[in-house]
Protein chains: 2
Amino acid sequence: MEANQDYTEISSLGEFGLIDRLTKDIALTNSSSLKGVGDDAAVMEYHDTEVLVTTDLLLEGIHFDLTYVPLRHLGYKSAVVNFSDIYAMNGTPRQITVSLGVSKRFAVEHMDALYDGIRKACDVYGVDLVGGDTTSSRQGLVISITCIGDAPKDKIVYRDGAKDTDLICVSGDLGAAYMGLQLLEREKVASAGQKDFVPDFGGKEYLIERQLKPEARKDIIKELAEAGIKPTAMMDISDGLSSELMHICRQSHTGCRVYEDRIPIDYQTAVMAEELGMNLVTAALNGGEDYELLFTVPLSMHEAVSKLPGIKVIGHITKADLGCAMVTRDGTEIPLKAQGWNPLAQKD
Amino acid sequence: MEANQDYTEISSLGEFGLIDRLTKDIALTNSSSLKGVGDDAAVMEYHDTEVLVTTDLLLEGIHFDLTYVPLRHLGYKSAVVNFSDIYAMNGTPRQITVSLGVSKRFAVEHMDALYDGIRKACDVYGVDLVGGDTTSSRQGLVISITCIGDAPKDKIVYRDGAKDTDLICVSGDLGAAYMGLQLLEREKVASAGQKDFVPDFGGKEYLIERQLKPEARKDIIKELAEAGIKPTAMMDISDGLSSELMHICRQSHTGCRVYEDRIPIDYQTAVMAEELGMNLVTAALNGGEDYELLFTVPLSMHEAVSKLPGIKVIGHITKADLGCAMVTRDGTEIPLKAQGWNPLAQKD
């Protein structure tokens, strides 16, 4: 974040002035949005579909570091991670509410940038911003976004529907967002105290983009629908493949086997892991923030799902008593551990 | 908040362990709640009514002071202030999501107490807890609650429907929560550094209760419905009567007159204002956190609304060019100012 020069103090606008400025030309584009910002509550209509609600709380110093995260990107990502949860139900995000806690080092222009990112995400994904709350904060920036979406009842996919012999599929590739974070942290350390430091991201742009500007897999949901495939279980990968797979297995009362050599990894991720001396598979299993979709389909859909671009079959569901394990390249079974990014277990 | 002795560290449970503990025997009681905690999103069904969504962000050091606010009460209040927004739309709160940011000085037992309060509020108001997010925080406690409610389309009351000659009504009495806060702050100062300090709240229990354990006016919404009265405009009083009235007038393109001698004030509020040398009417107009309902009804309903217990007619709506003013006991008109509690304009 840039220094606070020639900027407008938020206190000069006050809460309602700031809200007016940030929300003044927001239009409602979804037919389900009846009333947006400006009353005690937003009003929506969902007479033919079910309503999906998800929420994420992002705190400065825990979830983001403004040393290297531009506010516009932060706004975009904060919205997108919520959309991702709605897609993970096989639904469509329709509305968000945005609550912000803002400390005094932020100026009106900083909020403009954050909101630009949020609005951009809304534009890209066709979501309406319908409400929120804005307040001051004693420490740092607090972002709480709630997303409302919808889906026909018979299309909703839960986490608990995986069955023995189902195929385990993931979209995209894994571990890149985590490697992007390592890279940003490395350059932050390298830049400490240096004016005009130019970080070196050459050849690693994909990792940076995956960390700073993730996308939700709307395209995969569309692709599955067009192929007539309804997953038996699905969730998005925010805490790492290993942790999410264990959620699905626990809730579905199953076990699983995933194959090390099937886990999709981009070459930039591999190069970066090599450079940092990190275990590549560990990063892909536990890195988190990929926002890819993890889902299971019946074995009979093997051919149909294998044909779809951007989707990879990485293993299969087993009976519960077999537990959850990864099968390495040499055939060894290693039990999966949920050592994904867990902000409540952090020691520092 | 008590000191951290013999308590369980949250990190010993981790995020999912804590969520499991806090939500383990939460039942869904509303027919609109199809799926609660445990998936990427909660699922609800609102085929016959409109969906209302409101959200509030509460930050330690800004909205509450744990020196004198018990966590159980804080949980209760955090939920109730959201219910109040749904009632202010003439709706019924049905579900909430609860996001918490928790710093290391909080133990599992503190979260139990906070959740006890939230669950108690849910029980009292018939609301289901269906989801949320839990994370660590570097500083202090962050509470973000989103409430989902519903109302038939033709029953929803907005802020922009007030018309010239409409009567302005409020429920309950005003200024008590603000006086309760002053009292708690006074006793906090008095207790500084003293062990075993016993605060003196004798004869002022009502003020303390209004501040620490406000209720949402579900009863008034029911009363109005039973009397066949649909307000033309309504909102709840969270920032102070003056500020809220100006919202209604601005959005309805009207002015208003309220009468000083009609503003309902409890005698404990009056005694406390006297004791503190504060202007009583200023406190009642700008104090905030009353969570009473402010609404307007057509003049023709004067008799019907006057008969209802707990509701007082305090003035009337005028044409916009007359502005917003309070008429004092001696007939002087004083323009209303929105000097309610505005956390973004605070200087300290």
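Predicted model: local features only at pLDDT ≥ 70, side-chain atom pairs only at ≥ 80, totals over all residues.
**Group meeting: a walk through a two-chain model**

In chain A, strand β3, helix α3 (residues 108-125) and strand β4 form a β-α-β unit, and the unit is right-handed.

β3 of chain A covers residues 92-102, and nine of its eleven residues are buried, so the strand is mostly covered as "buried" here means under 20% relative accessible area. What does β3(A) pair with? With β4(A), residues 128-136, it runs parallel, and eight bridges join the two. Ser99(A), for example, stands opposite Asp133(A) in β4(A). With strand β5 of chain A, residues 142-151, β3(A) pairs in the antiparallel sense, over nine bridges. There, Thr92(A) has Asp150(A) in β5(A) as its bridge partner.

Leading up to that strand is the loop between α2 (71-87) and β3 of chain A, and Asn90(A) sits in it. The phi angle of Asn90(A) is near 70°, which is a positive value in a residue other than glycine. Asn90(A) counts as buried, because its relative accessibility is 15%.

A second residue of this kind is His253(A), with phi near 55°, again positive and again not a glycine. His253(A) is in the loop between α7 and β8 (254-259) of chain A. Is His253(A) buried or exposed? At 64% relative accessibility, His253(A) is exposed.

Now to what the records say. UniProt, in an unreviewed entry, lists residues 38-149 of chain A as "domain: PurM-like N-terminal". Asp239(A) is in the loop between β7 (233-236) and α7 (241-252) of chain A. With a relative accessible area of 14%, Asp239(A) is buried.

Next, salt bridges. How many are there over all chains? The search of the whole structure finds 45. I will show a few.

In chain A, the side chains of Asp112(A) and Arg21(A) meet in a salt bridge, at 2.5 Å from N to O. Asp112(A) is in helix α3 and Arg21(A) is in helix α1 (residues 14-23), so this pair ties together parts of chain A that are 91 residues apart in sequence. Helix α3, you will recall, belongs to the β-α-β unit I began with. Arg21(A) is partly exposed, with a relative accessible area of 33%.

Another example is Asp25(A) with Lys24(A), where the closest N and O atoms are 4.0 Å apart. Asp25(A) counts as exposed at 51% relative accessibility, and Lys24(A) counts as exposed at 62%.

In chain B, Glu275(B) and Lys204(B) form a salt bridge through their side chains, 2.9 Å from N to O. This pair links distant parts of the chain, 71 residues apart: Glu275(B) is in helix α8 (residues 267-276), and Lys204(B) is in the loop between α4 (176-191) and α5 (205-212) of chain B. How covered are the two ends? Glu275(B) is partly exposed at 41% relative accessibility, whereas Lys204(B) is buried at 11%. Over in chain A, Arg186(A), Glu187(A), Lys204(A) and Glu275(A) are joined into one network by salt bridges that share partners.

One more residue in chain B. Lys155(B) is in the loop between β5 (142-151) and β6 (167-171) of chain B. Lys155(B) is partly exposed, at 42% relative accessibility. Setting aside neighbours within four places in sequence, Lys155(B) is in contact with Met89(B), Asn90(B) and Lys230(B). Arg119(B) is 36 residues from Lys155(B) along the chain, and their C-alpha atoms are separated by 28 Å.

Last, the contact between the chains. It takes 73 residues from chain B and 74 residues from chain A. Between them, the two chains bury about 6100 Å², with 51% of that on carbon and sulfur atoms. How many salt bridges are counted between chain B and chain A? The count is seven. Arg159(B) and Asp39(A) also give a salt bridge between their side chains, at 3.6 Å from N to O.

That is the tour.

How values were computed. Residues numbered from 1 in each chain as written. Chains lettered and ligands numbered in written order. Heavy atoms only, no water. Buried < 20%, exposed > 50% of the residue type's maximum accessible area, 1.4 Å probe, protein only. Helix = DSSP H or I, 4+ residues; strand = E, 2+ residues; numbered from the N terminus. Pairing = 2+ DSSP bridges. Right-handed = clockwise from strand over helix to strand, strands pointing away. Contact = heavy atoms within 4.5 Å. UniProt positions renumbered as here; feature names shortened; annotations may be inferred. Buried area = accessible area lost by both parts, 1.4 Å probe.
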